[in-house]
Amino acid sequence: MATRVFITGICGFVGNTIAKLAIDQGLSWEISGIDNLARPGSDLNRRDLTSRGINVIHGDLRNASDLDCVGEIDWVIDAAAKPSVMAGVDGQTSSRQLVEHNLVGTINVLELCKRTQAGLVLLSSSRVYSILPLANLSIGINNGAYFPKPPFPDGMSEKGIRESFSTTPPVSLYGSTKCASEQIALEYAATFGFPCLVNRCGILAGAGQFGRPDQGIIAFWIHSHLARRSLHYTGFDALGHQVRDCLHPRDLLSLIAHQMTSELHEKPLITNVSGGIESAISLQQLTAWCDEHLGAHAVESQHTTRPFDLPWVVLDNTLAKSAWGWHPKTTKEEIFAEIADYAKANPDWLDIST
C-alpha cells in the first residue's frame, strides 16, 4: 500500500524537487500538497506537478480552513516557509507576515497532523543557531575561504556546528520562527501521539531553484555568472570569503524516505542534515568554479554591512550519519554542474523566478 505523503510548499524548490524525485525514483508514495503560489515561478512548478498526477491545493497555511479538504494522510513534509534570514526586515515581507507564515502556518499543519495522526518531517534551518558566538569566531583565510580557528564555542568543532550548539537569541526573526516551530511541533507530537522529526538543513541547492541572493545564493550566483549580470561580494572584507555548506534535495529525500520507514525509538528528534564540511564553499571559490566552467566574469566588491551575516556556517552532519546510516552522495561540483546545465537550458530563469 502506498504511503500517503502531503507536502506543504510543494511548488517551491524543495517541495517540488522532492515530489518529482520521489516519482522518478519509483517510491511507493501517493503525493499531494499545498502551495499559495506567491513566489514567481511557482505556478510553472504547479503545472508540472499536476501533469504528473499530483493533486496540488492552491491554499495558504495561514488559513486553517484551507487544510480542511485534506483527507487521510500518513506523513507530512513541511517545506513551506518564508525561507530568507532577511524576511521580516528587508521591506518585502513584514515581521507579522513572517511570523504568520512560519509559525502560525506550522500550528495549522500540526492541527492537521493531530486530526489525521500523520507523522511530520519538519524542515528547519541552520539559522536556528545563535548569531553572537558565530559572529565572534576567530577566523583565518585559506584558499579563498574563511575557516574557524580554535578555541571553538561549545557545540562546535572543525567539522562544523553540532545540534547541541546554542540556539539562544538573537538568531534573527526568521531563525526564531524556525526555533519556535521546532519546539511547538515536538510538543504537539509528544502530547497527541504522532511521530515528528526535525531536520535542520544547510543550504539546499539544485536545478530549478528560484534565483534569489537571499534564498538560493548558489543558483543565483551561477545563473548570474552565466548571464554576465552584475555580481558583488558584500560584507566582511568584500572578497567573498564567507563559507556555507550545500546539499542537493535528492540526498534530503533519501534521508526522509528512510526516516518514514524506520523504527523511531531512540532515534534523535533533531538532526543536522547537510553536505557537511565536504560540501563547504565560499563565494570566491564558487566564482573560481564558474570562471573555469562558464568563462571569466568579474565580481566587484561592495563594502556594506548586512544584518545577520556570518563568516562561516557549516553544519556537522555526524549525527545524521551515525543515527540514520545516511550519507549525502551528490558532491558540490555535481550540484554546480546541474545548476549550470539548467541555466544554459533556461536563460530567462532569473527573470521568471525573481
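Tutor: Before we start on this predicted model, a cut-off is needed: a residue counts as buried when its relative accessible area is under 20%, as exposed when it is over 50%, and as partly exposed in between.

Student: With that cut-off in hand, is Gln259 buried or exposed?

Tutor: Gln259 sits in helix α7, which spans residues 249-260. Its relative accessible area is 0%, and since buried means under 20%, Gln259 is therefore classed as buried.

Student: Which side chain does the side chain of Gln259 meet in a polar contact?

Tutor: Leaving aside residues up to four places away in sequence, Gln259 touches Val121, Leu197, Asn199, Leu264 and Trp324. Among these neighbours, the side chain that makes a polar contact with the side chain of Gln259, at 3.1 Å, is that of Asn199.

Student: Is Phe236 buried or partly exposed?

Tutor: Phe236 is found in the loop between β12 (232-234) and β13 (243-244), and its phi is near 55 degrees, a positive value in a residue other than glycine. Its relative accessible area is 41%, which lies between the limits of 20% and 50%, so Phe236 is partly exposed.

Student: What is the phi of Leu37 near?

Tutor: Leu37 lies in the loop that runs between β2 (29-35) and α2 (42-51). This residue, other than glycine, has a positive phi, and the value is near 55 degrees.

Student: Where is Pro170, which a cis peptide bond joins to Pro169?

Tutor: For the cis bond that joins Pro169 and Pro170, omega is about 5 degrees. As for its place in the chain, Pro170 is in the loop between β9 (160-161) and α5 (173-192).

Student: How are α8 and α10 oriented to each other?

Tutor: The axes of helix α8 (residues 283-294) and helix α10 (residues 332-345) come within 11 Å and cross at roughly 55 degrees. Angles from 65 to 115 degrees would count as roughly perpendicular and those under 35 as roughly parallel, so α8 and α10 are oblique to each other.

Student: How many nonpolar residues does the contact of α8 with α10 have?

Tutor: The contact is made by Leu286, Trp289 and Leu294 of α8 together with Glu333, Phe336, Ala337, Ala340 and Lys344 of α10. By class, the contact has two charged residues and no polar ones, while the nonpolar residues number six.

Conventions: Residues numbered from 1 in each chain as written. Predicted model: local features only at pLDDT ≥ 70, side-chain atom pairs only at ≥ 80, totals over all residues. Heavy atoms only, no water. Axes fitted to C-alpha atoms, helices over the stretch in contact; angles between N-to-C directions. Helix = DSSP H or I, 4+ residues; strand = E, 2+ residues; numbered from the N terminus. Parallel < 35°, antiparallel > 145°, perpendicular 65-115°, else oblique. Contact = heavy atoms within 4.5 Å. Nonpolar A, V, L, I, M, F, W, Y, C, P; charged D, E, K, R; others polar. Buried < 20%, exposed > 50% of the residue type's maximum accessible area, 1.4 Å probe, protein only. Polar contact = N/O pair within 3.5 Å; in protein donor to acceptor, adjacent residues only side chain to side chain.
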